[in-house]
Amino acid sequence: MIKITDLEKFYRTEEVETIALNKLSIHVNTGEFVAIMGPSGCGKSTLLNILGMLDDPDGGSYVFNGVEVAHFNERKRADLRKHNIGFVFQSFNLIDELTVFENVELPLIYTGVPSSERVKRVEEVLDKMQIMHRRNHYPQQLSGGQQQRVAIARAVVNKPKLILADEPTGNLDSSNGNDVMELLTDLNEQGTTIIMVTHSEHDARYSHRIIRLLDGQTVMENIMI
Amino acid sequence: MIKNYIKTAFRSLTKNKAYSFLNIFGLSIGIVCAALIFLWVEDEVNYDSVNVKKDRLYLVKENQKYDAYIFTHSSTPGIMGPELKETLPGIANACRTSEGQETFLFSQGDKSVYASGKYADPSIFSMFTLPFTQGNARSAFAQYHSLVVTERAAKKFFGNEPNVIGKTIKVDNKQEYVISGVIRDLPANSSLQFEWLMPFQIHLDNSPWLKSWGNNNTTTYVELKSNASIATVKGQILNYIQRHEPKALSHLFLFSMNDWRLRDDFKDGKMTGGGRIEYVHLFTIIAWIIMLIACINFMNLATARSEKRAREVGVRKVLGAGKNSLIFQFIGEAIFMALVAACVGLILLTLVLPGFNLLVEKQLSLGLGKPYHILVLLGIAIICGLVAGSYPALYLSSFKPVSVLKGIKLKDSSAAYIRKGLVILQFSASIILIISTVIIYQQIQHVKNRELGFNKNNLLEIDLQGQMAKNYTPIREELLRVGDVENAALADHSIIYGGNNTSGMTWEGKAPGSEVLISQRYVTPEFMATSGLSILEGRNLVVRDTGRPIHMIITKSLEKLMGKGSALGKTMHYNGDTTTATIVGVVNDYVYGDMYGKPDPVMFMVAKPEDNTVMYVRIKPQADIQKTLANIQGILKRYNPAFPFQYRFVDDQFNGMFLTEMLASKLSRLFAALAIVISCLGLFGLAAYTAERRTKEIGIRKVLGASVASVTSLLSKDFLQLVILSCLIAFPVAYWRMSLWLKGYRYHIEMQWWVYLVAGALAIIIALITISFQTIKAALANPVRSLRSE
């Protein structure tokens with residue numbers, strides 16, 4: 001599904017140039033659950049952002065579903081993103097002004113799904129995430145675990161082929177964290193490819209494969225059995 | 001999608017109440033200002049639009065060339081109108097009216113009221129749009145002593161009687177007139193105003209001098225045929241008077257009804273294109289400036305609080321929103337906000353419109369029944385939304401999701417510069433308005449305090465009616481016995497306005513071909529002392545000077561025109577008439593007619609009391625005015641019982657000559673104040689966000705020992721710099737604009753530098769007070785709490 005080759009990314013300020021990704025090559029198959037680990041500043045989040053087409057690389061190739069996307073413009077990237085990729089963030093990133101239902105509905109609006117179909121799909125996914133009873137609440141009225149469930153619901157409502165999760169349990173206690181990991185595992189078992197950045201060895205154990213990064217390069221790959 | 005945007009906008013609005021209030025209130029004040037100005041402009045632009053033939057109606061005006069200037073006026077020969085229609089094929093119709101308004105006493109039974117109106121040809125009913133509610137245009141002047149009245153006048157004369165056609169009413173206690181028609185009241189924005197109309201023929205029969213081609217004392221209107229060429233008619237009319245008076249100085253031209261109200265300024269015999277239209281343009285610009293100031297508030301507050309919206313932008317982008325859809329969302333939000341502001345503005349408008357009407361002396365209405373009024377209001381709101389939302393939309397939609405979602409602090413430098421630039425723009429506009437307001441006020445005061453050459457204060461003017469002229473001597477004696485009356489006199493013209501004038505005078509030594517316009521005034525001998533004119537040379541006129549030999553008093557400027565040395569004993573006479581008038585006295589020049597101009601010379605002669613039209617009564621400065629008026633009323637009642645006492649003060653008439661300038665002064669004061677208020681609303685909000693943004697810095701400074709005063713001044717300094725920069729921009733612009741304005745007046749002030757300093761200081765003080773609330777609050781905050789907030 002994903003094949004990156006010699007991917008490079010630099011961050012430049014007036015005086016210093018920092019290499020975030022240094023000729024990194026990775027591939028991820030459809031249906032895989034991959035965890036990316038490594039110390040702070042190793043390039044995990046940069047990689048995730050490029051994979052999510054939120055950022056563009058400075059060099060190398062990124063083939064998504066057989067299409068070279070490294071040099072797509074913002075509009076094309078947005079288009080590809082909204083149909084194929086779901087995001088889960090550490091800090092949930094729900095819109096405070098929208099209710100649970102409306103937050104989850106948002107990706108469907110951007111992909112032009114008709115209103116009646118939207119209601120059906122949002123209800124379906126909220127039900128699955130067991131937060132249907134909170135559908136009219138605002139994010140700030142929910143616990144952290146509930147907020148992350150909403151965020152996952154939002155990430156999956158469009159039935160994306162790929163979910164990118166950036167430390168999804170980072171802001172949660174262990175019990176809520178486990179729930180979230182169970183949810184991701186379920187999604188993966190249903191066929192969704194998942195790439196997750198995490199600091200937690202415990203969470204990484206849910207994945208099929210762990211890619212360890214250091215200074216923008218792969219240092220080790222562990223296959224989980 | 002749109003539903004989602006509206007939901008977000010509405011919830012964001014209710015969540016950030018203070019921010020929403022500042023924005024909506026600021027925008028609604030802007031919209032109210034603009035709406036008020038546009039209502040005023042609409043009324044001005046639609047002046048005379050009640051007339052369906054507006055495009056074909058013209059006033060016949062004259063240019064007379066004199067040595068000093070070309071005199072443009074609307075007085076024409078009384079017999080000209082019908083002949084124009086007969087002889088010029090392009091003219092469909094012509095109408096003559098008496099000049100100005102005549103005030104008569106109308107009596108029915110024991111009820112007597114004054115009403116003002118005109119003598120007019122019956123063609124007035126077909127040329128102007130004057131719909132009859134009783135009677136009809138055809139039979140209106142079928143009878144000689146017929147009278148057409150407006151509905152309001154009918155009510156004034158006859159109360160609520162439904163049908164007044166055929167009723168008679170006595171005019172000035174002399175002649176019975178029959179009501180032959182009632183027409184709908186004229187709208188306030190009509191140049192033609194009257195309460196009644198009488199046949200012009202009566203006027204013509206009573207005033208034989210109207211029949212001369214050499215006398216100008218009638219207003220003439222013409223209606224062109226729809227296929228007529230205006231250029232051809234103008235060519236034909238130019239030397240029309242010369243057909244009858246080959247040596248006449250007057251040249252006729254046509255002045256379109258479309259220009260009567262707004263472009264009535266003439267110089268050197270030509271339309272300058274100026275007039276009230278300049279104020280229409282000026283206030284339209286001010287309306288847009290005030291709206292821009294309000295929009296700038298919106299932009300500044302929106303970008304200043306952009307951090308709060310950044311995450312939403314990031315999330316929406318991650319979920320697939322393109323830049324365009326975000327731009328659409330934020331502009332939509334601004335338009336939504338502006339529409340809410342327009343609704344609030346509508347409520348405010350309803351509340352303030354009566355006050356504004358008093359201020360501008362109009363009867364403007366919101367006219368929400370008119371679809372285009374709603375459209376204009378919507379248009380204003382949408383333009384405001386577009387302008388206000390454009391920059392924030394571009395700014396917010398350009399956020400990179402990676403940065404904002406990671407919580408990386410946004411680089412604010414470009415937005416901060418633009419914000420600062422916009423604040424400078426706001427304050428520059430406000431300072432320009434403050435300076436303009438002060439200069440307009442100073443100019444009006446300057447003219448009002450002009451040495452007129454006579455004393456306008458405590459001078460009463462009363463129309464000479466009924467038995468007053470006949471009883472002048474005993475009335476005057478009794479008036480003088482009232483302790484508070486200093487003097488009384490009669491005159492044939494109001495002292496403050498222009499009156500009869502002639503160019504037909506000549507004297508020994510006058511250069512051949514020289515044309516000088518001289519005003520001629522008939523007065524009683526007490527006039528000089530009563531009005532306060534000083535006799536500089538020779539003697540005053542006396543009753544003996546009435547009739548022949550003619551003795552006259554002239555003003556100083558005429559004496560100078562007559563050659564070197566004293567004019568006493570010199571004579572002058574009309575061209576072609578050998579009867580001479582000897583100059584027995586010289587008085588000082590005085591200002592009349594145009595309060596900004598240099599008045600034409602004047603000659604005074606004595607007239608019998610019955611040849612005058614007004615009485616002047618000089619009241620002593622320390623007098624109890626109400627008591628004195630009651631005494632005067634008592635005396636006049638005795639000698640002139642049929643006519644109710646009616647009077648006016650000359651200083652009120654004087655003030656009435658500055659209505660346009662006074663209006664400009666009042667409006668500029670109002671809008672300058674509002675511009676400052678709106679700018680301050682924005683500054684207040686901006687100061688709050690700056691303080692919030694710098695919370696951590698303030699905390700650290702305080703921990704390191706900074707005092708409240710030093711923190712306050714640190715925060716205020718940035719804003720003060722902006723206001724000072726605004727002054728630097730505003731001063732030259734205001735100087736340029738006000739120099740242009742002052743140049744339009746021959747008698748004007750020189751601008752003083754301190755006005756600029758005061759305006760700048762005022763802006764700084766207002767800005768300081770506005771931001772002080774926020775800066776002091778921030779400086780007083782507990783540093784421990786502010787450091788924890790990061």
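Author: Let us begin with charge: Lys and Arg count as positive and Asp and Glu as negative, while His and the chain ends are not counted. The place of a charge is taken as NZ of Lys, CZ of Arg, CG of Asp or CD of Glu. In chain B there are 84 positive and 61 negative side chains, and the centres of the two sets lie 14 Å apart. Chain A has 23 positive and 31 negative side chains, with 6 Å between the centres of the two sets.

Reader: What should I know about the model and its numbering?

Author: This is a predicted model, in which local features need pLDDT of at least 70 and side-chain atom pairs count only at pLDDT 80 or more, whereas totals for chains, interfaces and linings use all residues. Residues are numbered from 1 along each chain as its sequence is written, chains are lettered from A and ligands numbered from 1 in the order in which they are written, and side-chain values use heavy atoms, with hydrogens and water left out.

Reader: How many helices and strands does chain A have?

Author: Helices (H or I, at least four residues) and strands (E, at least two) are DSSP runs, numbered from the N terminus. Chain A has 7 helices and 10 strands. Its radius of gyration is 17 Å, close to the 17 Å that the globule rule gives for 225 residues, so chain A is as compact as a globular protein of that length. That radius is taken over C-alpha atoms, and the globule rule is 2.2 Å times the number of residues to the power 0.38. The C-alpha trace of chain A spans about 50 × 40 × 35 Å along its principal axes. For chain B, the secondary structure comes to 25 helices and 26 strands, and the C-alpha trace spans about 105 × 60 × 55 Å along its principal axes.

Reader: What percentage of the residues of chain A count as buried?

Author: Buried means under 20% relative accessible area, exposed over 50%, and partly exposed in between (1.4 Å probe, protein chains only). Of the 225 residues of chain A, 57% count as buried. In chain B, buried residues make up 53% of the 790 residues.

Reader: Which helix of chain A is largely enclosed by the rest of the structure?

Author: In helix 3 (residues 100-110) of chain A, 11 of the 11 residues are buried, so this helix is largely enclosed by the rest of the structure. Among those buried residues are F101(A), L106(A) and Y110(A). For packing we need the idea of contact, which means heavy atoms within 4.5 Å. The buried residues of helix 3 pack against helix 2 (74-84), helix 4 (115-128) and helix 5 (144-156) of chain A, together with helix 1 (2-15), helix 11 (306-318) and helix 12 of chain B. Just after helix 3 of chain A, G112(A) takes a positive phi of about 75 degrees.

Reader: How many residues does each chain bring to the contact between them?

Author: Chain A gives 26 residues and chain B gives 23 residues. Buried area is the accessible area (1.4 Å probe) that two parts lose on being put together, summed over both. Chain A and chain B bury about 2,400 Å² between them, with 55% of it on carbon and sulfur atoms. N93(A), E97(A) and Y110(A) supply 28% of the area that chain A buries against chain B, more than any other three residues.

Reader: How should I read backbone angles?

Author: Most residues other than glycine have a negative phi, and most peptide bonds are trans. M53(A), which is not a glycine, has a positive phi near 60 degrees. This residue lies in the loop between helix 1 (44-51) and strand 4 (59-64) of chain A. E361(B) also is not a glycine, and its phi is positive at about 55 degrees. The place of E361(B) is the loop between helix 12 (323-360) and helix 13 (371-397) of chain B.

Reader: Are M53(A) and E361(B) buried or exposed?

Author: M53(A) is buried, with a relative accessible area of 1%, whereas E361(B) is exposed, at 58%.

Reader: Where is there a cis peptide bond?

Author: A cis peptide bond joins R548(B) and P549(B), with omega about -15 degrees. P549(B) is in the loop between strand 20 (535-538) and strand 21 (550-555) of chain B.
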